[in-house]
Amino acid sequence: MIPHFKQKFPGVVLIIALIACALLPWFRNRGYLRDLYDYGLVVAANGHLNRGELPYVDFTTSIQAGFLGLNWLVERIGGGTYGGLTCGAAGLIVLSALVLPMMLARRLPPGLAAVIGGAVTIVSASQHTILWHNALGVFCLAVVTWAAAVAPVWMRSTWGWHALVAGGLLLGGLNKLNFNLVALAAALAWAAWAVMAGRARWREAGLTMAGCLTAGLALPLLIECAWTGASPALWWHNVVALPSEQRLGIVATVFSSDFLWRPIHDYYGWIRLQPVGLAGIGMTLLTMGAVWWGGNVRGWRRSLALAGTMAAGAAGAALIATNFEIVYLGLGGWLVLLVSVWLGTEVVGLGRRWLWAGLGLPALVIALPAWESAWQGQRSQFGYDAAPRSKYRTLEGVADGFSYFGGLKMPFGYVFSLGRLMWTLPDPDQDGRRAVFWGVGMEWMERFVPAIREPGQPLWIHWGTSYSQADIERLARKFQNQRDYVWAYNTVARDNWPWPINDVLDLDYRREIIGTVLVGRRPINHDEVDLTDAMATIQGLGGNVVGRSFLLDRDPFTFMRGYDGRIIYGSARQSAQVKLLAPLYRMRGVAVINRMDQNEADQMSVTAKVTVHGSIPEQVLWQQELRLEPGEKVARVPFEVEAGGRQILFWIIQHDRAQAGRVFAGYRELEILHSAETAGAPVLRDDILPVTATGPSAAESLLGETAWRPEQIVVRGGRVTPEGIELPAGGEVWFHSVNMLGEVHGRIESAPGSGASRTVRTLWCKGGRIQPVQGGGVAPGQGMDFHLWTGELGGWFGIVVEPGQSDAWVRVRVRSAKISQPTEGRP
C-alpha cells in the first residue's frame, strides 16, 4: 500500500523534525500537573484494576473499558508509576506523527502530507501528557476515514488500506463511542459512495459494510463484555445511556451565534483561535468549493458529494459539542473529516495551489496556535492554581503509596493541602477501607486511600452523567443517615453539589477548608463543643481549660455525649491524639470510655495516656487501660499529672483494631491546678473587638485613686473616661498581676435608660486556665459590685460584657486592690 519511506520522503529529516516538534510539549509538561481532575480518573481506574476490580461490573464508567485497560497496560509496562503512564501519550504522538503523514503521502505532496498529518497530531495527541481517549479518538478517526476514502470497498489489491480501516475501527470501538460512530458512519458512506459513483457493486459494498460493522461494533462489544463480565445491557447503560442525555442536549448549541465566535467549552481559558465555528465553517466551504469545481463527478452525484461534505462539517461540529475538551482537538476531528472528503472525491488532483489553500492553510491556522497552547500546557496542565513552577513540589512523602507519582511536581498549595487531608482521615476497617466519600476532583484518592464503596459506584463524578438523578437522590439519603461517611472531600474549585445533596450537606454537615485547595465535610455533632469559645468549652466539658489551647490545626478528637449524659472529648478511632498548647505544671481530669452500641456486650478496653510533647524518648506522665466489662456502658477513671511547665499530649489508643468505631474514649473535666504564664491578654472567642486602650491612661481610668498599678492593661472595644472604663456589648478589660497574689474589689454600673440587662462576667485567667468568678445581668441604671482574686501566682483579671444587639455601655471601676508579691517562688 505505502511505498518505501525514502521514495516519498527523500528528506528523512522532515518526518523526524515533525515528530520532535509534536513531542516537545510532552517533554516540557510531563513532569508537572496543576490538578488531577482529569488524569486522576485514569490513575484511579488503574488502582481498581490492580485490585482485580473491573469496569462496568465493579464500578460504573462511561469512559470505556478498552481505554482504561489500554492505560493499565501502558502503566504496567512503564514500571507501574505515573511516569510510566505518561509514556502512552509519547507513543501516540510518535505513532500519529509517523502514520498519518505516510497515509496522506500516497495522494498528497510530501510537504503537504507532513503539514496535515502533523497538524492533526499537534491538535490532538500533543495536547495531553498521558494517553487520553479524545486524542486517541481523533487518531482512529483519521486512520479509518482516510483509509476508507482511498479504498472504500474491500479488495485483495488494497488489503493494506482495509487493514487500517479494520484496525482503526476496532481500536476506536474500544476507546470512545462517539468518535468511533462517526468513523464507522464515514466508512459505510464511502462504501455506498463507491457504488453510486460506479466503481463497485452493491455486493462488494455490502460485504465491506458488514466487515466495518463487525470491526467497529460487534468485536469491541464482544471484547469488552468478555473481559469485564458485563452483559450487553450493562454495557449500554454505562457507555450509552448515562452520557447520552446530557451530551446530546448540548448539540443544539452549535446552531447558536455564540458557536461562531467562541468555544462552547471554555474551561481551559482563553485561546488564540476564538471564532471556532467560523473556522470550521470556513474549512467546510473551502472543501465544498473544491468538490464542486474539482471533483471527478457530475450531475446528481456532485450534489450528493456536496451534501456529504456538509454532513462531514456537521459531524465535526457535533464532535466539538459532545466532547468536553479543548476546542483545538475538536477542530482536529473536523479537519480530519474534511480531508477524507478531499481524498474520497479525488479533488486532490486540483493542483498545489488549491491543495495548499483548501487543506494546508486551514491545517496551519489550527495547528500553530494549538502547538503554542500545548507548549503552555493549557489542556494538560488544566487547573486553577496560578503559582509558578518554581513553587511546585513533589507528592512523595505525603502518604504511603504516593511514591507512585515519583518526580511529578504540583503546586505547593495542592501538596500542602493533601498533607493536611491525611491528618483528618478516619481509621480503616478490617479490609483497609475508610468511611469517606471522594467527591469531584478527588476520585483519584481511591487508589491510595480506598473508601467504602458499593458495587457499581461510579469511577468519577459528573452530576447528570455518571450520576443520574436517581443516583444523586440515593447518595443524598446515604449522607442524611450520617453513618456511611465520616468525611466527604472535594476541591474548592469544584465545591458544588446537586439537589438534594446540597440541602443535606448544608443542614447536617460542617464545611472545612483543608489547607488551601481542598474542602472537607463531616457530619455535624449536635453535642459538639465550640473550642474557640472559652465559656462554651468549660460549660460543655467541665474543668477550666480554655478550648483554644487545644491544637485545632491537627485535631483528630471529636465529641460524643456518653451514656452518663456528659460530653466526652475523644475518639472512636484506632489511635488519636490532641495537643494542649498551654504549658502547665499540674492538672487533673477524668478519662472516660463509652460503648457506642449499648446492645453490644463484649468486653472492651483502650489505653489512655498523657505524655510530654516532643519528648524523646517518650515521657509518659500517666497511662492506664480503660475497660468496659460485659454489659457496662461507660466507665470513668480520674487522673492527675505533673508536667513541669511543659506542653502535653492526650492519647487514646485502641490496640484491638476490630474495636475501632465500636467504643469511644476520651477526656473531660480537665482542670489545670498550676499553670505557666503565656504572652498576651486572654482571648475568649473569635469575635473579639479590637484593642482600643492600653498603658497608663487606661490604668488611671480603671483604678482611679487605687495605688496599685498592673504590669499590663488591655481594653477591647471600650473607651477611657475619668469615671472608669466604659465597655459596649462584647467589650473587655484585662489587667495583669505578674508574679503576684491578691484580690481586687470594684463596681460595674450600667448606663441609664431602657432595654435588656447587660450580661457581665468577671474572670481570672492564666495560660490555658480560666476561672469564672461572677456573672449576671446588670439592668439599665443599676450596678453590681465585683470581687476578683488570683487562683495562683500571677495571671489576668478580666471583666467582659457578653456580645449583644444593644449599644448601651457599662462602666467598670476598681475601688480597692490588695496585691502582693510573695517572698518565695511559685506556690
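Guide: What follows is a conversation about a predicted model, taking a pair of helices and then the cavities.

Visitor: Why are helices α7 and α9 called roughly parallel to each other?

Guide: Helix α7, residues 133-150, and helix α9, residues 177-196, pack at an angle of about 0° with their axes 9 Å apart. Angles under 35 degrees count as roughly parallel, and the two helices are therefore described in that way.

Visitor: What makes the contact between α7 and α9, and which residues of each helix take part?

Guide: Contact means heavy atoms within 4.5 Å. On the α7 side the contact is made by N134, G137, V138, L141, V144, T145, A148 and A149, while α9 brings F179, V182, A183, A186, A187 and W190.

Visitor: How many residues of each class does the contact of α7 with α9 have?

Guide: The contact of α7 with α9 has eleven nonpolar residues, three polar ones and no charged ones. Gly counts as polar, so G137, which belongs to the α7 side of the contact, is placed in the polar class.

Visitor: How many cavities does a search of the whole structure find, and how much space lies in the largest cavity?

Guide: The search finds six cavities of 30 Å³ or more, and about 110 Å³ of space lies in the largest cavity. Of the 14 residues that line the largest cavity, the closest to its centre are W438, E443, R453, Q457 and P458.

Visitor: Which element gives the most to the lining of the largest cavity?

Guide: Strand β3 does, with three residues, and both α3 (39-50) and β3 (436-438) supply at least two residues each. By class, this lining has nine nonpolar, two polar and three charged residues.

Methods:
Residues are numbered from 1 along each chain as its sequence is written. This is a predicted model: local features need pLDDT of at least 70, side-chain atom pairs count only at pLDDT 80 or more; totals for chains, interfaces and linings use all residues. Side-chain values use heavy atoms; hydrogens and water are left out. Axes are lines fitted to C-alpha atoms, for helices over the stretch in contact, and angles run from 0 to 180 degrees between N-to-C directions. Helices (H or I, at least four residues) and strands (E, at least two) are DSSP runs, numbered from the N terminus. Angles under 35 degrees count as roughly parallel, over 145 as roughly antiparallel, 65 to 115 as roughly perpendicular and the rest as oblique. On a 1 Å grid over the protein atoms alone, a cavity is a set of points where a 1.4 Å probe fits but cannot get out, and a pocket is an open set with protein on both sides within 12 Å along at least five of seven lines; lining residues have an atom within 4 Å of a point. Grid points are joined across faces, edges and corners, and a volume is the space filled by probe spheres set on the points.
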